[in-house]
Each structure stands twice: as structure tokens, then as C-alpha cells.
Amino acid sequence: MGINKNMNRRDFLKVGGLSTAAIALGSTGLFSLSDSKALASPSAAKNSFRGYGPLVKDPGGVLDLPQGFQYRIISEEGGFMADGRPIPEKFDGMAAFPGQNNSTVLVRNHELSGNTKYPVIGRNPYQREHTGGTTALVVDANRKVREEYVTSSGTIRNCAGGATPWGTWLTCEETLEEGHGYVFEVDPSDPENNLSKTPIRDMGAFSHEATAIDPATGIVYLTEDAGPSYFYRYIPNDRSPRIGSLQKGGVLQAAAMEEMSTDHSSDFYTGQRFGIVWKDVDPEKPTMEAGQKGCIPFSRLEGAYFEGGVFWFDDTSAGDNNLGRVYRYIPATNTLELFYESTESNDLEMPDNICITPWGDLWIAEDGGGTDRIIGMTPEGETYVFAENRLNDSELAGPTFSTRGDTFFVNIQTPGITFAIWGPFARKNAGRQRQMGHAAPPAQYAPKISDKLSAAAEVEGMSNLEAAAFQRHGTPIL
């Protein structure tokens, strides 16, 4: 059934014909998808590699989850912030930070451009005529919002971004409009300060999507959502982990494949060898220079996440069926790997935002225009569905976990809804997080390559995932 964007949550539940009991629960934004026995069941937590079982139909018709899990709607567009203004529209990328008294502070993007019903209106905007920006939610230990406020404003299409190791949020503009297309640093504890309206120009002016920082080196990795897209890194002049260090300038580079000389020979090998190199690009025209310098062209890069020494990112419309791919780049070995490419929409359709769970699984939010889901992949090679958006065809966005690992937060973009989800999540496991970065992908997702190419990769000391990455970008090792 369709939903009027002007209809509030309570009205929607009434129109949906739910029972009186369900409506009473709906007025608090809380639905339980299990009975008390299921809530106490430890089996899913002990066997996280098997996922959490089949989804249970949500009586509210909003979000299906596995048995034992429940959600609370903690924020909706058109509601009210602490200062009485309406909550802006178009919820997108998000990150969670520890707050006082066991609270969680969420920083959330709003992918807005021009005239909008609920704009982000701030005291200290970058450019007042533009309606994008970020908000913050202070969520207490009971998963209820205690405060909601603007953290930055005056930007355009704040799509994704990434958290910094020092507790700020890098919000990215997905636009090529003059004067925009930058990254801004947002401090949730000091909202709308001068830093929030100062673009980090050396990070480049392009259609930004997401960022992630290698905490060991301070290098920032960035994705571009355009056609073609390029994979960038920013090497700051000041790599100290503190607020404002990224503003002190740095070098922007794009990834390329470079042929290297070799003395090897083989029946399957032509004498060519390729490796990843990084080429400096002008931050004022990085896309043009990346193309001119022969950097790797991707289709449309989206989500990014750094965990366990590995940078994960996805290409949402790549592949023969335009269903998407997930890559991982390992800085320590300078290795680019194609982790998987989807061939069936039922398996995975158009991956967008991604994260690594506290226990080490890869979670992917779909943006396929249908019934979008959260797909989980494990180091053991299993896959599972954790959630399905049943409300409409709008994308899921901003998946992130509380620092304690007991609450999962995610958005529906339109109408804007932020969920807090909890249940028998597996415990934190740093070793398993690292394992995910080096495990082979699930067999059904692994890129398919010929025996001949696999043999050539073995001669070169490459994995099949590396060889597949080269082959998909026009530089086969055969």
C-alpha cells in the first residue's frame, strides 16, 4: 500500500488496519517480533555464522527482522528537534559515537539540495541558500532520543561520509555544483562550529560518496559516486588523530593499475604483470585528471568501511547484470581484490552503505529500488538476510552499531525514519573482524574466473580475487 508523505506514523498504522493493541504499541514506536522465550534464546549469538534465522513478518508492515529482535522508531521526518523546528528529510549516511551516561550520539546526513519541505536550517551554514546538512540524535541507554539538533548546514546532497577515530563525522557532498562537492568535518559535541562550514578542499571537489580512515596511518580513503567513478586516498600533512588535522592540507591520489616488468614465463602468462599504484591528482579537478592518468574506472562507487587493516567499498551498479560488486583493498600488501559480484537480484541487488559488525560479519544495505534488505556475510562463507524494508521502495541507509555493540541503527530514506534495533546480537570479536578482511567470499558470491586465469594468478602469487579485479578492469594477467 502507498503512504502519503504528509501522513504521520500513527495515522499510517490506523489506515493499515492494525489491532487496538498494535496501535497502542505503535504510538511508542516499539514493535516486538518475538515472544519472551525467543528473546532469551542464545543460539543465534553462539552461532552467528549461521545468521539469525528466517525473518518474521512485522505487524506494523515496516521492517521485518529475525525472531528475537525488535525495533523502535526513534526519529521521523517532520517531527520536532530540540529547538522546535521540524526534523529534515532524506535520511542517509550515519555514524554512532559514545555519549555521556551510556548514551549514543548519532550523526546523520540529509541528502537535500534546493527547495524542500523540511530543510536543514542552521545558525552557522556553509551557504544559506542550500538545504542539506547533518543532524545529531542523543539516544539514551533505553534507546530513546533525549535530544535532536542540527550539527551542520548549508551544504548539498549530504549522502554518505565516515567516522574519524577521534570522534567526528566527515560528511560528503554528492554533487558537482560549483562551490560544492566537498568533505566537511562535523563535531557532534560542538555543533555548527567554524569547522563544520569549512570545506576540506585538498580532499577534492567531486561527487563524493563515502570515506573511511586507516587508524594506523591516518590515510583517508574515499569513494566517488559518478560515471565513471574513481577510488581515492588522501594523505594528510598532519596525520595526528585530532579535530582539524585534516584541514592542514595533504595530497589527493587516485588508484591505478600499472604494468611492471617480470622475468617469469608460463604457458598461461604473457610476460605482463600489474600492480596498484597511486597517482597524484589535482583536488580541484580530480575526476578529469584520474581519467587522463589512466586510473581505474569504476561504475558507481558507494559505501566504504575500514576495519581490521582492510578498506571495504562497493560498486553499486557494476557487473554484467548491473547488480553490484564489493571490493576490498589491503594497504599493507597494496592489494585490490574483487570480493564478490552479484548475478541474481535475489542474492543481492545494488549494494550501498556497508559496515563490519562488532562480531565480524559484513553487513550490506541494498539500494535496488525494490524490497531493500540488510544482507550479512560471514568469514565462514555463509550469507543471510537480517532485515527487509516493507514500508515502500525507498532505500535503507546509514547502518551503524552503538559502540557497545548492543544496538543497530539504520535509516529508511523516504519518508525519513531512523530505527534502533536490538536483540541477541553476537558478542564483540575483534579477531573475527580481522578474519573477515582476509577470508574467501561465500562461494555463490565469489567472482567466477577460468581455470586458465586461476593458474596464471597462482604463477604470479596472486589470489583469484586479485586476478578477478584486474580482469574486470581491462588489465587481465593472461
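Let's start at Cys172. It is buried, at 0% relative accessibility. Keep in mind that this is a predicted model. So what is the closest cysteine sulfur to that of Cys172? It belongs to Cys159, and the two sulfurs are 8.8 Å apart, which is too far for a bond. A disulfide is a covalent bond between the sulfur atoms of two cysteines. The cut-off used here is 2.5 Å between the sulfurs. By that rule, the count of disulfides is zero. Another cysteine, Cys295, is also buried, at 5% relative accessibility.

Now the whole chain. The protein chain has 478 residues, and 59% of them count as buried. It has eight helices and 27 strands. Take the contacts between residues at least 6 apart in sequence: 58% of them join residues at least 24 apart. The chain exposes about 18,600 Å², with carbon and sulfur atoms supplying 47% of that.

Next, the cores. In soluble globular proteins, nonpolar side chains tend to be buried together. Here, the largest nonpolar core has 33 residues. Which residues have the most contacts inside it? They are Tyr221, Phe231, Phe311, Phe313, Tyr329, Leu336 and Ile477. Helix α8, residues 464-472, gives the most to this core, with four residues.

Beyond its neighbours within four places in sequence, Tyr221 is in contact with residues including Phe231, Trp278, Phe306, Phe311, Tyr329 and Pro331. Asp214 and Arg233 are also among its contacts.

On to strand β5, residues 91-98. Is it enclosed or open? Seven of its eight residues are buried, so the strand is largely enclosed by the rest of the structure. β5 pairs with strand β6, residues 104-110, in the antiparallel sense, over six bridges. One of the pairings is between Met94 and its bridge partner in β6, Arg108.

Look at either end of β5. Most residues other than glycine have a negative phi, and most peptide bonds are trans. Lys90 has a positive phi of about 55°, although it is not a glycine. Lys90 sits in the loop between β4, residues 70-76, and β5. It is partly exposed, at 31% relative accessibility. Then there is Asn101, in the loop between β5 and β6. The hairpin of these two strands has five residues between them, and there Asn101 takes a positive phi near 55°. Is Asn101 buried or exposed? It counts as exposed, at 72% relative accessibility.

Two peptide bonds to point out. The bond from Gly227 to Pro228 is cis, with omega near 0°. Pro228 is in the loop between β13, residues 220-224, and β14, residues 231-236. The bond from Thr414 to Pro415 is cis as well, with omega near -10°. Pro415 is in the loop between β26, residues 408-412, and β27, residues 417-422.

Another loop residue is Lys144, between β7, residues 132-139, and β8, residues 145-155. Lys144 is partly exposed, with a relative accessible area of 41%. Where does it reach? Lys144 and Arg72 are 72 residues apart in sequence, yet their C-alpha atoms are 8.4 Å apart.

Last topic: aromatic rings. A pair of aromatic rings is described by the distance of the centres and the angle of the planes. How many aromatic pairs are there? The count is 37. One of them joins Tyr126 and Phe184, edge-to-face, at 4.9 Å centre to centre and 65° between the planes. Tyr126 lies in the loop between β6 and β7, and Phe184 in strand β11, residues 183-186, so the pair ties together parts that are 58 residues apart in sequence. Tyr126 is buried at 17%, and Phe184 is buried at 0%.

A further edge-to-face pair is Phe401 with Phe425: 5.5 Å centre to centre, 75° between the planes. This pair links distant parts of the chain, with Phe401 in strand β25 and Phe425 in the loop between β27 and α6, 24 residues apart. Phe401 is buried at 9% relative accessibility, and Phe425 is buried at 8%. Both belong to one aromatic cluster, along with Tyr52, Phe69, Trp359, Trp363, Tyr384, Phe386 and Phe408.

Notes
Residues are numbered from 1 along each chain as its sequence is written. This is a predicted model: local features need pLDDT of at least 70, side-chain atom pairs count only at pLDDT 80 or more; totals for chains, interfaces and linings use all residues. Side-chain values use heavy atoms; hydrogens and water are left out. Buried means under 20% relative accessible area, exposed over 50%, partly exposed in between (1.4 Å probe, protein chains only). Two strands pair if DSSP finds at least two bridges between them. A nonpolar core is a set of buried Ala, Val, Leu, Ile, Met, Phe, Trp, Tyr and Cys residues joined through side-chain atoms within 4.5 Å. Contact means heavy atoms within 4.5 Å. Accessible areas come from the Shrake-Rupley method with a 1.4 Å probe; for residues, only the protein chains shown count as cover. Rings of Phe, Tyr and Trp (its six-membered ring) pair if their centres lie within 6.5 Å; planes under 30 degrees apart count as stacked, over 60 as edge-to-face and the rest as tilted.
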